[in-house]
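Q: I've got a structure open and I'd like to learn how to read it. Can you take me through strands, burial and cores?

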Amino acid sequence: MPLKVIFIVALKQELPTIFSEHVPIFTIKQCIAEQKVEFDSSQICIVTGVGKTAIERTMTYIHNHLAPLFVVNFGTAGSSQYPTGTFVIPRAVMHSDHTYKLERSVFPFESDQAYILADTLTTVTEV
């Protein structure tokens, strides 16, 4: 089954509580070790681990082995502006002195949850 959506998150604890009931969850270490490129679902979640190296390893794996329509990140990114559990959709992400404009800065799913549209979110390497 072709992947449509990959949700990524640094820590499993950052996912909504009912998330695992609906979406299969894998760690990036599991995907790499098992050389997983086929899944029984059109959407999966990959737990990346914390830090720049972890996300780079995950995005490299996705780029080289998978072809989803969307990659959606869950997480706090060390935010002191929004409390954990707030649904924020950024138009751009800043890290150090770089700003990365997001190609699709809208949430492509129907949801009853309220959300905030933010011009920019800043991510950090260390909290």
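Q: Which strand is joined to β1 by 5 bridges, and how do the two run?

A: Two strands pair if DSSP finds at least two bridges between them. In this predicted model, β1 and strand β3 (residues 43-47) are joined by 5 bridges and run parallel. Phe 7 sits opposite Cys 45 in β3. There are also 5 bridges from β1 to strand β4 (residues 70-74), again parallel, and there Ile 6 has Val 71 as its bridge partner.

Q: Where does my numbering start, and what gets counted?

A: Residues count from 1 along each chain as its sequence is written, and side-chain values use heavy atoms, without hydrogens and water. As the model is predicted, local features need pLDDT of at least 70 and side-chain atom pairs pLDDT 80 or more, while totals for chains, interfaces and linings use all residues.

Q: Is β1 buried or exposed?

A: Buried means under 20% relative accessible area, exposed over 50%, partly exposed in between (1.4 Å probe, protein chains only). In β1 (residues 5-9), 5 of the 5 residues are buried, so the strand is largely enclosed by the rest of the structure. Val 5, Phe 7 and Val 9 cover one side, Ile 6 and Ile 8 the other.

Q: How many residues make up the largest nonpolar core?

A: A nonpolar core is a set of buried Ala, Val, Leu, Ile, Met, Phe, Trp, Tyr and Cys residues joined through side-chain atoms within 4.5 Å. The largest here has 12 residues, including Ile 6, Phe 26 and Tyr 61. β1, α1 (28-33), β3 and α2 (52-65) each give two or more residues to this core.

Definitions and conventions. Helix = DSSP H or I, 4+ residues; strand = E, 2+ residues; numbered from the N terminus.
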